[in-house]
Amino acid sequence: MKREIDLWEYAPVILKQTEKGVLVTTKSGEEVNTMTIGWGTLGNQWHKPIYTVFVRQSRHTKKLLDENGEFTVNVPLDDSAKKILGVCGTASGKDINKIEHLGLTLEEPEIISVPGIKELPLTLECKVIYKQDQVLRAINDENRLRYYEPGTKNEQDFHTAYYGQVVAAYIIE
């Protein structure tokens, strides 16, 4: 069962938890993949509610998201998802099926094709309406050195920003 929520009423909860970690889930064909993110924004653009996720070029999630163009944001409402966030932030969907490995419960979506995850019950269903690759020259020195340090594996592994229009928001009960 799902209880529809007012997105803006829950915005403080969503934004606070984003900093700690939430899941972004997408799928292509029958493959569902989820990953932990700690960067995301919630706002209003083009008079639409938008949740923006940032996904590195090298991530398996990026491949699926580019193929599908839809995602869910899965937000825990307590501390019970720490292990889930840890595994989904370190393991790659290229190597393991994180959903099966963790025994996560997929919840049928309301509008899009990507399921929610019952164990992280606050769910945003999003359709990508804009995406943009980051470019080196536009990143200030502090952030370039911190997140794309020369000589590391991340040096050229920039993020793509996916602007997802929030088309449904609910809590899985």
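Helices (H or I, at least four residues) and strands (E, at least two) are DSSP runs, numbered from the N terminus. The structure described with these elements is a predicted model, in which local features need pLDDT of at least 70, side-chain atom pairs count only at pLDDT 80 or more, and totals for chains, interfaces and linings use all residues. Residues are numbered from 1 along each chain as its sequence is written, and side-chain values use heavy atoms, with hydrogens and water left out.

**The largest pocket**

A pocket is found on a 1 Å grid over the protein atoms alone, as an open set of points where a 1.4 Å probe fits, with protein on both sides within 12 Å along at least five of seven lines; lining residues have an atom within 4 Å of a point. Its volume is the space filled by probe spheres set on the points, and grid points are joined across faces, edges and corners.

The largest pocket holds about 470 Å³ of space. Its lining consists of 24 residues, and those nearest the centre are Met-35, Thr-36, Arg-56, Arg-59 and Gly-89. At least two lining residues come from each of β3 (31-37), β5, α2 (60-68) and α3 (82-90). Strand β3 gives the most, with four residues.

By residue type, the lining of the largest pocket has eight nonpolar, 11 polar and five charged residues. Here Ala, Val, Leu, Ile, Met, Phe, Trp, Tyr, Cys and Pro count as nonpolar, Asp, Glu, Lys and Arg as charged, and the others, Gly among them, as polar.

**Salt bridges**

A salt bridge is a side-chain nitrogen of Lys or Arg within 4 Å of a carboxyl oxygen of Asp or Glu. The whole structure contains seven salt bridges. The table gives some of them.

| Pair | Closest N to O distance |
|---|---|
| Arg-3 and Glu-173 | 2.8 Å |
| Lys-62 and Asp-66 | 2.6 Å |

The salt bridge between Arg-3 and Glu-173 links distant parts of the chain: Arg-3 is in strand β1 (residues 2-4) and Glu-173 in the segment after β10 (159-172), 170 residues apart. For accessibility, buried means under 20% relative accessible area, exposed over 50%, and partly exposed in between (1.4 Å probe, protein chains only). Arg-3 is partly exposed at 35% relative accessibility, and Glu-173 is partly exposed at 45%.

Helix α2 contains Lys-62 and Asp-66, which lie four residues apart, about one turn of the helix. Lys-62 is buried, because its relative accessible area is 9%, whereas Asp-66 is partly exposed at 34%. Lys-63 and Glu-67 are also in helix α2 and are four residues apart, so about one helical turn separates them. Lys-63 is partly exposed at 44% relative accessibility, and Glu-67 is partly exposed at 46%.

**Positive phi in a loop**

Most residues other than glycine have a negative phi. Trp-46 is not a glycine, yet has a positive phi of about 55 degrees. The loop that holds Trp-46 runs between β4 (40-45) and β5 (48-56). With 47% relative accessibility, Trp-46 counts as partly exposed.

His-47 is found in the loop between β4 and β5. The phi of His-47 is positive, near 60 degrees, in a residue other than glycine. His-47 is exposed, because its relative accessible area is 79%.
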